[in-house]
Structures are given as structure tokens and as C-alpha cells.
Amino acid sequence: MRANVAEQTERKITVDFRPEQLADVIDGLRTASNCEREDAEILGGMERVDRQALADTVERQDTYARLSAWLRHVLDESV
């Protein structure tokens, strides 16, 4: 993996992954998404639910799932 930081005015970071490295990142995001989903199910089943904690957990799960799907698309397009 190689990372290059662009000029300060652009504020971009470019990261180059080998396909197997990107696949590992995608797997990690999927695992994190599944863990958040399981946590949301547990929180939702509790007698006294902290609605904010549940909403935050669901939001994280959604973010991980969307990022994983987008990176999967990037990987599929690159090979």
C-alpha cells in the first residue's frame, strides 16, 4: 500500500491498494457492518432502549455497508 498526500490546498489523500489488500479492507468493513447490525438487534431487544445509541449503531452499520459496497464496485471495475 502506498499513500500520497496531495497539496495542502486540495486536501486529498490518494491510496493505492493491490487487489488482495482492497479485498481485505472490504472484508473488514463487512465484518464491522455485521457486528453493528448484531449490536443493533441486541439493543433493540432490550427492555430499556437508549434510542440515540441504537440510532448511532444503525448509522454506523449503514456507513460500513455502503462503503464496503462502493469499494467492492471499485475492485470489480479494476480487474
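Before anything else, a word on burial: a residue is called buried when its relative accessible area is under 20%, exposed when it is over 50%, and partly exposed in between, with a 1.4 Å probe and protein chains only. By that rule, 15% of the 79 residues of the chain count as buried.

What I am showing is a predicted model, in which local features need pLDDT of at least 70 and side-chain atom pairs count only at pLDDT 80 or more, while totals for chains, interfaces and linings use all residues. Residues are numbered from 1 along each chain as its sequence is written, and side-chain values use heavy atoms, with hydrogens and water left out.

Let me begin with the fold. The chain has two helices and two strands, taking helices (H or I, at least four residues) and strands (E, at least two) as DSSP runs numbered from the N terminus. Going along the sequence, the order is β-β-α-α.

E36 counts as buried, at 12% relative accessibility, whereas R60 is partly exposed, with a relative accessible area of 35%.

Other pairs of residues can be followed from one part of the sequence to another by their C-alpha distances.

In helix α1, D27 and R30 lie three residues apart, about one turn of the helix, and their side chains meet in a salt bridge of 3.5 Å, N to O. Both ends of that pair are partly exposed, D27 at 38% relative accessibility and R30 at 37%. In helix α2, R72 and D76 form a salt bridge with an N to O distance of 3.9 Å, and because they are four residues apart in that helix, about one helical turn separates them. Here R72 is partly exposed at 27%, and D76 is partly exposed at 45%.

I turn now to the pocket. Rolling a probe the size of a water molecule over the atoms shows where empty space is left. A pocket here is an open set of points, on a 1 Å grid over the protein atoms alone, where a 1.4 Å probe fits, with protein on both sides within 12 Å along at least five of seven lines, and its lining residues have an atom within 4 Å of a point. The largest pocket has a volume of about 180 Å³, a volume being the space filled by probe spheres set on the points, which are joined across faces, edges and corners.

Which residues line the largest pocket? They are V15, F17, R18, P19, L22, W70, L71, V74, L75 and S78. The elements that give two or more residues to this lining are α1 (19-44) and α2 (51-78), and α2 gives the most, with five residues. By type, the lining divides into eight nonpolar residues, one polar and one charged.

F17 lies in the loop between β2 (13-16) and α1, and at 36% relative accessibility it counts as partly exposed. Together with I13, V15 and V25, F17 makes a nonpolar surface patch of about 330 Å². Patches are made of residues with over 30% relative accessible area and no salt bridge, with nonpolar side chains (Val, Leu, Ile, Met, Phe, Trp, Tyr) joined within 5 Å and like charges within 9 Å.

Notes. Ala, Val, Leu, Ile, Met, Phe, Trp, Tyr, Cys and Pro count as nonpolar, Asp, Glu, Lys and Arg as charged, and the others, Gly among them, as polar. Accessible areas come from the Shrake-Rupley method with a 1.4 Å probe; for residues, only the protein chains shown count as cover. A salt bridge is a side-chain nitrogen of Lys or Arg within 4 Å of a carboxyl oxygen of Asp or Glu.
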